[in-house]
Amino acid sequence: MLAALVPAIGQAQAQGAIEGRVIDAAGRPVVSAEVSANRPGTTPAGLATTDADGAWRIPDLEPGRYRITVSRPGYRPSRQQVEVEPGRTARLTFVLELVLFTLDSLVVSGPALSISTVDADLGTKLTVAEISLLPTTLDLRQLIALTPGARPDQIWGGASDQANSYSLDGTTVNHPGLGGAFFLPSPSWIETLEVRGLGAGADVGGAQGGLVEVVTLGGRNVLEGALRSAFESHRLNGSNLIPGEIGRELSRRWELDGHVRGPLVPDRVHFALCGHVIRQGELVPNYLADRSGEFVPQPPSFRDHRGLAKLSWKPGGRDLLEGSLMGRRQDGDRIGQTGYEAAEATERLRQWNLTGNLTWRRIWSPRSALIVRLGGFVARERLDPYNGSAVPGIELLTQVNPPRYQNAPVRTLGAPSSLGLTAIWTRGGRFAGLEHEVKLGGEYTTGSWYFERRRNGGMTWRPMRTLGFDPGTPASWVYPDAIGTGWGGDVRLDSDVRNAAVFVQEQIGILPWLRFNPGVRFAWWTGVLTPAAGPRFTAVRDHALEPRIGMVAAVRGQGGIVVKAHWGRYHQPMFAALFDRVEGAGAFSDEEIWSYLGPAPVTPRHTFTLAEREALAAAGLFRFEEEIRLDQAGRVEQYHQPYVDQAVLSLEHAVGSRWKVGVAYVHRRNRNLVALVDRNLASNYTVVDNVLIRDRFNRLLSFGGQPLVLARLAIANEDILWVRELVRQGVLLSPNYLYAPPGMSAAELDALRYNPDFVLTNVPEAMRQFGQLQLRLDARYPTWWAAASATLSTLEGNLNVVTGPDDYTTGGPGPWVRLNEQYNFFGPLNNQSRFEAKLYLGGLLPARFRGSAVFSYATGDRVTPTMLISGLLTDYAVALPQAANPAVIDTVSFHPFLFRHTSGHRIFIQPRGSYRYQARASLDLHLERSFPRGRSEVVLVVDGFNVLGDRSVTGIQTVVNTASGLFGSDYGRVRSRVLPRTLRLGASVRF
């Protein structure tokens with residue numbers, strides 16, 4: 001083996017290299033420029049892409065003369081000749097000249113494809129040229145869907161959007177309370193969009209899912225700009241709204257978007273200004289019987305204003321300062337409608353945010369640079385009722401889609417903020433006869449999240465659905481002798497987070513065709529809470545190492561066939577949802593249902609205070625019915641930050657300079673998932689087998705044509721003990737109910753205990769495991785480009801998030817406190833298709849037309865039927881032999897009081913992932929016609945979305961015991977379909 005290595009090492013010593021920087025006329029680095037080295041009459045000997053400092057390097061070149069070509073959309077290609085000498089590195093600097101910013105020039109100057117032989121990072125990058133030709137979208141996240149194996153909210157199997165990390169011009173913009181992106185710019189403001197995370201080095205942190213890096217447009221030495229307007233209307237579009245289904249569609253949308261950028265002082269100071277105004281309305285089907293019309297008469301509407309200002313200053317030959325300020329103001333009226341809300345029971349949205357960034361770059365040489373960034377954001381968001389905070393809402397007592405009247409039940413306030421500092425030093429050179437490039441850096445981010453949820457009027461009227469119900473006549477609410485009321489469920493969370501790390505990432509050239517990329521990241525995290533009553537305290541803290549190791553082998557020449565392998569550990573950044581259930585936080589309160597037994601109120605605006613309710617309860621005029629427990633919290637034990645272990649293996653092959661094919665396998669496993677755990681969970685519940693489910697009129701519910709029978713149902717021992725005490729006191733006497741699980745002896749009942757022991761900790765049983773096989777194909781030509789991918793994926797586990805309730809649960813502490821939520825909870829997770837295929841292409845067409853097409857196909861996501869426990873709305877029974885005649889089987893109901901504290905628990909009635917939604921296919925088209933006018937152009941644009949008219953279902957009502965009106969079930973009712981066939985018309989002026 002050593003003998004085989006000696007010639008290779010000798011060959012490396014005899015070879016040379018070329019490195020350098022690419023800058024514009026102002027001296028600013030040109031990012032993502034393509035650099036190729038060619039010898040006359042041969043295929044490219046080397047390919048490289050400039051980094052954030054404009055630096056590039058092509059190693060392992062045979063001695064001789066080379067022609068170096070540098071190209072970048074928006075700049076004129078540049079070429080130089082250079083002589084490569086054995087064992088030496090030639091250095092070049094390219095100054096690119098700007099060209100007129102039109103799409104023709106952008107596409108024609110499109111760079112050739114290259115395969116990085118420097119690092120093991122896999123991902124996708126979209127440039128301004130490609131984004132400009134894609135079907136116009138208002139949400140930047142939709143561009144993420146072009147990445148193989150990724151979705152806008154779940155990148156490579158990540159645990160929902162909270163597992164992703166987002167950066168804007170290098171500044172982290174993750175939500176400090178909920179995780180995921182806080183705010184992203186309009187797609188038309190983007191210079192580059194890169195999705196990373198597979199094989200990412202130690203310089204990448206906080207990306208259990210993916211890292212989305214957005215770079216916005218900056219000023220150049222040419223004054224240029226654009227003004228664009230677009231319009232769409234439901235009168236031009238198709239519709240996927242079907243009578244009887246829940247959903248909403250666009251009614252109208254108008255937008256005006258523009259930017260201008262250029263020099264204030266040529267070669268020194270440059271600016272960019274962007275603005276975007278959006279007006280939008282929606283159509284929502286009407287499902288209130290007392291309201292006429294196919295659609296709600298006062299539908300949701302939105303007004304959105306966005307702006308960006310960016311300034312750069314080059315004080316000398318080595319330094320560059322850049323700053324940006326981005327803001328947004330969004331107002332929404334009558335939002336959140338499902339068709340079951342009266343206009344006065346909807347909500348008003350008021351939201352604003354401000355994001356700032358300041359960057360200093362210092363370049364000493366093409367292989368030595370420093371970047372320091374300071375940035376953050378601040379925001380406020382309110383959802384307010386239309387009738388003020390003193391008027392109670394009216395919400396019928398049903399499991400889902402409760403009709404609402406008079407006022408919104410709750411109001412909310414959210415206030416996130418964040419401030420971060422990052423420094424990265426890059427240094428390259430030879431050491432011990434090997435090529436090295438090292439990145440040393442550190443980052444520190446502090447954030448806060450204040451959230452408040454309050455019940456309007458202090459309570460909500462929750463009458464049963466009855467014949468003759470009139471929201472304006474409280475006397476019609478009484479059934480059978482009471483009116484339901486809702487209390488509690490308030491939230492107050494005041495939290496702070498700190499995320500910090502230092503890292504070192506190496507790239508080592510071992511042999512001419514082999515590079516190793518070792519790296520390590522040391523990170524620490526802190527979560528702090530400030531309760532309403534009590535001092536501020538540290539809730540959780542942790543620190544850990546994140547080792548990463550990668551290998552890149554060019555086994556068949558530079559860029560011919562490249563094999564990459566990488567293993568790494570990636571921790572989740574700290575956010576408030578990880579520790580909001582720490583003991584002492586006091587963040588949540590239980591939601592209770594009480595029956596009012598007094599005379600019907602004179603006015604529907606009548607309300608009771610908590611003290612009045614207690615006094616009336618003592619007089620027998622209020623009765624406690626059931627409680628959804630939301631306030632559970634526990635001490636912290638052995639807390640460690642969640643992470644994912646990731647292994648990636650890929651093979652890429654460049655076919656000439658225009659085509660690239662690749663195959664990759666990704667394996668991810670989440671570990672240290674965080675949850676609130678009841679150490680005594682098993683002993684706090686008694687499990688009953690084969691429980692029959694009936695509605696509140698004692699009619700059997702059916703599922704799949706058969707009576708619905710739960711294999712297991714857990715009853716809280718505290719309810720069993722409390723019901724036994726009521727029986728002992730003679731309060732409960734009816735022989736028609738079961739007051740305890742059947743078959744239990746008096747001694748067994750006496751031995752029951754309810755002693756919860758809550759701890760916030762890591763749960764070894766909580767798991768998520770993801771595997772994906774990717775096939776990729778890319779092509780780049782002077783006048784067109786294309787990309788295609790196909791993926792096979794598996795995603796299994798029992799928790800679809802990093803922490804907290806998953807997407808089948810509306811709230812609560814989760815399955816390690818609620819035993820019922822563990823039944824059937826392991827299986828294929830949703831929001832992931834078994835097979836997905838994507839194809840997009842774009843370019844120049846005859847007669848000054850330009851266009852693109854995006855096609856996608858996906859097999860259906862997984863879905864599972866569930867049941868929500870409620871002793872008020874559902875009857876639970878078992879089949880028992882009669883005492884007098886065991887041959888006769890009776891169906892006997894459990895008393896509703898046995899489910900007072902398991903109300904709201906969710907049960908999977910089939911193994912998780914038992915069913916799939918139907919497959920879906922979509923084709924989006926973009927076509928535009930250019931009309932040049934001197935140094936400007938007028939462009940007419942037509943965008944078509946879902947032109948195939950697909951109507952696939954993407955969401956249904958999964959709860960089987962939901963009432964549809966007085967009788968029947970809402971299970972299976974469609975809640976969402978793919979967006980309908982849509983036509984968007986637009987025009988723009990570019991100069």
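Strands S26 (483-488), S31 (591-596), S32 (622-628), S37 (685-695), S50 (874-881) and S51 (889-894) each contribute at least two residues to the lining of the largest pocket. Strands are DSSP runs of E, at least two residues long, numbered from the N terminus. The model is predicted: local features need pLDDT of at least 70, side-chain atom pairs count only at pLDDT 80 or more, and totals for chains, interfaces and linings use all residues. Residues are numbered from 1 along each chain as its sequence is written, and side-chain values use heavy atoms, with hydrogens and water left out.

A pocket is an open set of points on a 1 Å grid over the protein atoms alone, where a 1.4 Å probe fits, with protein on both sides within 12 Å along at least five of seven lines; lining residues have an atom within 4 Å of a point. The lining of the largest pocket comprises 37 residues, and Met464, Tyr737, Gly871, Leu872 and Pro896 lie nearest the centre.

Salt bridges (a side-chain nitrogen of Lys or Arg within 4 Å of a carboxyl oxygen of Asp or Glu) number 66. In one of them, the closest N and O atoms of arginine 261 and glutamate 191 are 3.6 Å apart. Arginine 261 belongs to strand S15 (residues 249-265) and glutamate 191 to strand S12 (residues 190-198), 70 residues apart.

Glutamate 232 and arginine 984 form another salt bridge, at 2.6 Å from N to O. Glutamate 232 lies in strand S14 (residues 224-233) and arginine 984 in strand S58 (residues 982-990), so this pair ties together parts 752 residues apart in sequence.

Definitions and conventions
Helices (H or I, at least four residues) and strands (E, at least two) are DSSP runs, numbered from the N terminus.
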